[in-house]
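Q: I'd like to learn how to read a model like this one. Could you walk me through some of its features?

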There are 2 protein chains.
Amino acid sequence: MHVFYLPELFAEVISGFKIDGCWATRVNNRNGYKRMTQMNTRVLLARRPAEHLVAADFSIDPQPLRALKDGEFMLKNLYLSLDVGFRQWMNEGSGDNYLEPMPLGEPVQSIIMGKVVESLNESFPVGSLVMGRTAWEQYSIADGSDLMRIIEPDSEVELHEYLCSLGPSGMTAYFGIMDIGQPKKGELFVVNAAAGGIGCIAGQIAKAEGCSTVGIAGGAAKCSWLKDTLGYDQVIDYKSAEPLELQLKKVAPAGMDIVYDNVGGPMLGTMLGQLAENARVILCGAVSQYEREGGHEPVANMWELITKRARAEGFMFSDYEDRYPEAIGYITGLLKSGSLVSPVNWSEGIESSGQAFIDMLAGHNLGKCLIKL
Amino acid sequence: MHVFYLPELFAEVISGFKIDGCWATRVNNRNGYKRMTQMNTRVLLARRPAEHLVAADFSIDPQPLRALKDGEFMLKNLYLSLDVGFRQWMNEGSGDNYLEPMPLGEPVQSIIMGKVVESLNESFPVGSLVMGRTAWEQYSIADGSDLMRIIEPDSEVELHEYLCSLGPSGMTAYFGIMDIGQPKKGELFVVNAAAGGIGCIAGQIAKAEGCSTVGIAGGAAKCSWLKDTLGYDQVIDYKSAEPLELQLKKVAPAGMDIVYDNVGGPMLGTMLGQLAENARVILCGAVSQYEREGGHEPVANMWELITKRARAEGFMFSDYEDRYPEAIGYITGLLKSGSLVSPVNWSEGIESSGQAFIDMLAGHNLGKCLIKL
């Protein structure tokens, strides 16, 4: 007999199978024993999106939680991280070196932070705070794979930071800059999607490394925010009338030393056309391409990598697991000294996940998008 | 009064200005002094090529040589190196980080090897063997810039090798492989334009480093030659009916670890689609693109650099001047031990340069293209 131990949860126990918030009961007819059944609201990928994601691509699905198997543990999810990269895996045939396409009718995959509320896995005892890749759901059952790791939070740091500046976004910004960008004092660093979860951290790390920073974003309001709140030295509004190429020539007349690319496609091509000698191009993502039918567009100006003796390199934060402590130490230092603004675009409740993701793809967010459950 | 000292040249001195082989005379009317004038046959870029280069784009132009100025020296050119990269600079507006577009009506720029026959530059004394960048001409006047350097040939190595496996082609192959490719034993190395001047050396260096090597070339005869004469482990005929993508999947089912790209454009895109994790793409040239009107084509599959955590990097052999001795030592070792075949596609006489270059672009050569003067 399996009994839930969820001291931090409270629920009314009612008869039958009716859902009441997150709890339900059912009668085990064989022995007349009345057992509580934990309900778990999940957000499913209901169908393959047609180019642009819409709310109807998702459906809300409450399901009773199953019992754990040996080696598994259960997370009560506290925060869901929204990351544009996951958009790619919603497409048919999008399987790549990281993940298979998300299965239809299953919860949307996501990086989450949760607390272990039940465990049959000694490495993840009850009470542990865990980050990992599960899905848009209130509870996740995991076995320790899929990037699962226990977080030991610093009391001076807000918990959600472990999903933001100290989580995937921060790790991605840090290792991209340090390992591929290799910044040197006085170099010109340019990042696109600069108001996004990764971009807003990346610009500030590059600044901390002594670079002059340029943030590219869409719209005057966002650009002011980048400059005033995040401290970018210069900003480019790619939606303004002046072509990006000309704007880049103005802010980087001698070319860009480091490009942090989250956008891909035509914008990446334009940026490759404005490199300084020995430039490093950090290939982080391609948000402009995830919603395209028929796959990614080809990229212009690859030839410039030759004439500028430049380098373009892709990476994945999870390859650097051994060095997370280094990055976490560095970024925690910035946070504690007040030299890192780590803005969060909050949404509340599991049901908000779909629309929040859609809004993020449309660029409505300032900072990292998190769902608070 | 300036007097030529050219002991290794012999010429009939005739009156007037008539050209006789490489010599002419003219009467200096002011003092009635009869002076020998060295004639210099040059091959000019007569017009901007319309997409595909044709013989009429070049013209033969014999001119009397001018006297040296202070700091200059005169080379009697022995060999001209034909390098596909120079095709780019024949186009209008092709100026890049290396060179301006070649001026019309001037000799076609080229890497050459020559002997100093007269000198007003102490660093390049008469008798020195020199490699540098001048032009398609019998004699060059230089001042020590434009990659000029004195060669001290190894008596066991043929002189022309300093323009082939020990020259730009060899340096390009070596530093591309060692610094960008960073080969490890057992890795799969794939090079395109494999029968070209750089490709044929690159495959053998990768082999010497313990890689399994695949050469891509056009036509069954060339492919057999790659395998039988140059020792490639596998070959791909990109002109055969089977698409390149499928052929790559066959020879590299787990993806390619190192790609040495001389071709650019669509072929580079196809290759980026078949990378192994942590692959290195050596961006050396883009022969498929130099003859295109309207600039280079965009390249597909850049996204793969992210999912494969791969790197693409451009370079220029001349950036490695400090390390030429290392490369020359390494390649000389291979040559002396008989483990490097260094094939040359010879043409004779300055007038043959234009057609030889056209033939090379069409892929008619096996190995490095040299003009013997």
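Q: Let's begin with a helix: which residues are buried in H9(B)?
A: First, the ground rules. This is a predicted model, where local features need pLDDT of at least 70 and side-chain atom pairs count only at pLDDT 80 or more, while totals for chains, interfaces and linings use all residues. Residues are numbered from 1 along each chain as its sequence is written, chains are lettered from A and ligands numbered from 1 in the order in which they are written, and side-chain values use heavy atoms, with hydrogens and water left out. Helices (H or I, at least four residues) and strands (E, at least two) are DSSP runs, numbered from the N terminus. Buried means under 20% relative accessible area, exposed over 50%, and partly exposed in between (1.4 Å probe, protein chains only). In H9(B), the buried residues are B:Ser353, B:Gly354, B:Ala356, B:Phe357, B:Ile358, B:Met360 and B:Leu361. After H9(B) comes B:Gly363, with a positive phi near 80°.

Q: How is the size of an interface given, and what area is buried between chain A and chain B?
A: Often it is the accessible area lost when the parts come together. Here buried area is that loss (1.4 Å probe), summed over both parts. Between chain A and chain B it is about 2,700 Å², with carbon and sulfur atoms giving 63%. Counting contacts (heavy atoms within 4.5 Å), 32 residues of chain A touch 32 residues of chain B.

Q: How many salt bridges cross the interface of chain A and chain B?
A: The rule asks for a side-chain nitrogen of Lys or Arg within 4 Å of a carboxyl oxygen of Asp or Glu. It finds 4 salt bridges across this interface. One of them joins the side chains of A:Arg309 and B:Asp319 (2.5 Å, N to O).

Q: Which strands pair between the chains, and in what sense?
A: Two strands pair if DSSP finds at least two bridges between them. S14(A) and strand S14 of chain B (residues 311-314) are antiparallel, over 3 bridges. A:Ala312 sits opposite B:Ala312 in S14(B).

Q: Where is A:Gln182 found?
A: A:Gln182 lies in the loop between helix H2 (168-181) and strand S9 (188-191) of chain A. Its phi is positive, near 45°, though it is a residue other than glycine. A:Gln182 counts as partly exposed because its relative accessibility is 39%.

Notes:
Buried area is the accessible area (1.4 Å probe) that two parts lose on being put together, summed over both.
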